[in-house]
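Grab the viewer and work through them one by one.

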Amino acid sequence: MKKLEISGHAAIGGRVKAEEVRVKGILKVAKDCETEIFKAESQFIIGGLLNAEHIEIQIYGECTAKEIGCQTIKVKYESFHSSGGFEIKGLLTAETINIVLRFGSSKAEEIGGGKITVKRKKNSLFPFGKETGSLQTKVIEGDDIYLENTTADIVRGNKIKIGPGCIIGTVEYRTDFQQDPDSTVKTVSGTK
């Protein structure tokens, strides 16, 4: 398919493969969505992989994909919720960011928002496995930050709590900082 344009509501029971996908409304895809260009001013639910060379999205509601892969991404969210792996080669920004790490590695160059929560969760498909997910990023900046299983060069914000499994280069905080003994932070600067 050359181009898929959605204005309104569309539900696709299988997978989508097109050179370009444009959405203004609501798109639900049961499986993967593969495209060179994905542009959305809307809500979408992708049951599998959202894979594109370029993704540009402005979300006004629920935005979920089991996994996201792309070369470039420009994202504006009210909120971002992920419970699968993702890779964002750019800035992930939203007022509320909630990431649940189940397995594999998630990556974003930079993450910015108001309230940022990253928590690990055991994989319910393989309850006896020891692998849990992880997040890698250069910079995390927000007002209220809680992190688990995260590797970051810099974490900057007002209230920062570093939970278990983190490796952080520098923490810069304004009002409150807490660190789990199971995490490593090389440098801390701020005032309490």
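**Exercise 1.** Work out whether Phe38 is buried or exposed in this predicted model.

Solution. Start with the relative accessibility of Phe38, which comes to 0%. The cut-off for buried is under 20%. So Phe38 counts as buried.

**Exercise 2.** Find how many aromatic pairs the structure holds, then classify the one formed by Phe38 and Phe44.

Solution. The count is 2 aromatic pairs. For Phe38 and Phe44, the ring centres sit 5.2 Å apart. Next, take the angle between the planes, 80°. Planes over 60 degrees apart count as edge-to-face, so that's the label for Phe38 and Phe44.

**Exercise 3.** Classify the pair made by Tyr173 and Phe177, and decide whether each residue is buried or exposed.

Solution. Centre to centre, Tyr173 and Phe177 are 5.7 Å apart. Their planes make an angle of 25°. Under 30 degrees counts as stacked, and stacked is what this pair is. Now burial: Tyr173 has 11% relative accessibility, so Tyr173 is buried. Phe177, also at 11%, counts as buried.

**Exercise 4.** Locate Asn149, then describe its phi and its burial.

Solution. Look in the loop between β6 (134-147) and β7 (150-162): that's where Asn149 is. Its phi is near 45°, a positive value, and Asn149 isn't a glycine.

Note on methods: Residues are numbered from 1 along each chain as its sequence is written. This is a predicted model: local features need pLDDT of at least 70, side-chain atom pairs count only at pLDDT 80 or more; totals for chains, interfaces and linings use all residues. Side-chain values use heavy atoms; hydrogens and water are left out. Rings of Phe, Tyr and Trp (its six-membered ring) pair if their centres lie within 6.5 Å; planes under 30 degrees apart count as stacked, over 60 as edge-to-face and the rest as tilted. Buried means under 20% relative accessible area, exposed over 50%, partly exposed in between (1.4 Å probe, protein chains only). Helices (H or I, at least four residues) and strands (E, at least two) are DSSP runs, numbered from the N terminus.
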